[in-house]
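Please keep the 3D view open while you read.

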Amino acid sequence: MSGAGTAGSTEGAAYAVVVPTVGRPCLADCLAALAASVGPPPREVVVVDDRPGGGHARPPLSLQPLGPLEPCARLLRSGGRGPAAARNTGLRAVSAPWVVFLDDDVRVGRLWRTEVLRDLVAAGPRVGGVQGSLEVPLPADRRPTDWERNTAGLAGARWATADMAYRTAVLAAVGGFDERFPRAFREDADLALRVCGAGWRLERGRRRTRHPVRPAGRWASVRAQAGNADDALMRRLHGRDWWRRAEAPRGRLRAHAAVTAAGTLALALALARRPEAAALAALSWALGTAEFAWARIAPGPRTAAEVAAMVATSVVIPPVAVCHRLRGMWRHRSARPLPVARPAPVAAPAAVRAVTGKGAVP
């Protein structure tokens, strides 16, 4: 691949920034933070409007918050097909050796442009991607809510595309993001596994980016269960142990399945007029639901509103999670991995060759 970095030169570390968005108000803050950052500017900034219908029926998104970066920015449309498709739309439009994906709800730091360039210059010839570290600010005067804790999990997530840089040629070789992942869930883990499977390393850089907790309703955790369908696709594409290789939490699907089965059995036994057996199954359901609810309530603020939301959603989440998983298993029953072409080797930086005596990746 052309454009290899050399000691004392940043040409091989030139980067573009791609920001997929559905037009949330936080986009303006994201772009303003990028503009205010100190350091060499990106070669290109591509904002991809993923609002349904391409946003044609609404006012176009403004790039004015980019300030001095606006002349190198473009606004594209991806038609509401999800963040994976939106990122691919941006990827196809850039020419820089590296592309950095930012979510529209992050805020890069004041020195981010300096730090990302340092990360990319330091990337060895076998490194296909470099992740930024995410910071999720939590309340200092109380315990975090369930939703806040879930968002805080991004701080330790591997290969999250909230701030993730990839070599452009590597993404082209592995086929980019898999657009069968329709939401912001698992599409980043899938890409990371495919990049590693093609022989590249992924590393964590030194740059830091803030990811504020966005507002969410009390049923957000129920809507998030749609991700279980994406887990079914991950298993189909990457095998049963995909979550271990992707360093992803396994979740509670097995417990949800047991609780759902107990509740279903209790209902069936009651309809069959077997009250004693129905009561026993109902007790199992109640104990499982109570354990799940308490696991979410205990570390939280335990306000009346939070406790009520946790109890209500803990009743609903198990069957919803199971239904989404079954739907995903059926929908993706014949899914096959995307084809991968090993990209051309990257020449090692001069400083690396001088120390190791090695040249390009074999």
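Predicted model: local features only at pLDDT ≥ 70, side-chain atom pairs only at ≥ 80, totals over all residues.

1. Let us begin with α10 and α11. A pair of packed helices is described by the angle between their axes and the distance between those axes. Helix α10 covers residues 253–271 and helix α11 covers residues 275–297; they pack at an angle of about 150°, with axes 8 Å apart. Angles over 145 degrees count as roughly antiparallel, so α10 is roughly antiparallel to α11. Their crossing is left-handed.

2. Now look at the residues where these two helices touch. From α10 come His-256, Val-259, Ala-262, Gly-263, Leu-265, Ala-266, Leu-269 and Ala-270. On the α11 side, the contact includes Ala-277, Ala-278, Ala-281, Ala-282, Trp-285 and Phe-292. By class, the contact of α10 with α11 has 12 nonpolar and five polar residues, and no charged ones.

3. Next comes α8, residues 227–238, whose axis comes within 7 Å of that of α12 and crosses it at roughly 40°. That angle makes α8 oblique to α12, and the crossing of the two is right-handed.

4. Which residues of α8 meet α12? They are Asn-228, Ala-229, Asp-231, Ala-232 and Arg-235. Their partners in α12 are Ala-321, His-324, Arg-325, Arg-327, Gly-328 and Met-329. You will find four nonpolar, three polar and four charged residues in the contact of α8 with α12.

5. Helix α8 has another neighbour to look at, α6, which spans residues 187–197. The axes of α6 and α8 come within 11 Å and cross at roughly 10°. Angles under 35 degrees count as roughly parallel, so α6 and α8 are roughly parallel to each other. Ala-189, Asp-190, Leu-193 and Arg-194 of α6 make the contact with Met-234, Leu-237 and His-238 of α8. Four of the residues in the contact of α6 with α8 are nonpolar, one is polar and two are charged.

6. Finally, please turn to the second largest pocket, with a volume of about 280 Å³. It is lined by 16 residues, and those closest to its centre are Trp-147, Ala-216, Gly-217, Arg-218 and Glu-306. The lining of this pocket divides into eight nonpolar, three polar and five charged residues.

7. Which helix gives the most to the lining of the second largest pocket? That is α12, with four residues. At least two lining residues each come from α4 (146–152), α7 (220–223) and α12 (304–331).

How values were computed:
Residues numbered from 1 in each chain as written. Heavy atoms only, no water. 1 Å grid on protein atoms, 1.4 Å probe; cavity = no way out; pocket = protein on both sides within 12 Å on 5 of 7 lines; lining within 4 Å. Points joined across faces, edges and corners; volume = space filled by probe spheres on them. Nonpolar A, V, L, I, M, F, W, Y, C, P; charged D, E, K, R; others polar. Axes fitted to C-alpha atoms, helices over the stretch in contact; angles between N-to-C directions. Parallel < 35°, antiparallel > 145°, perpendicular 65-115°, else oblique. Left-handed = near helix turned anticlockwise from the far one by under 90°. Contact = heavy atoms within 4.5 Å.
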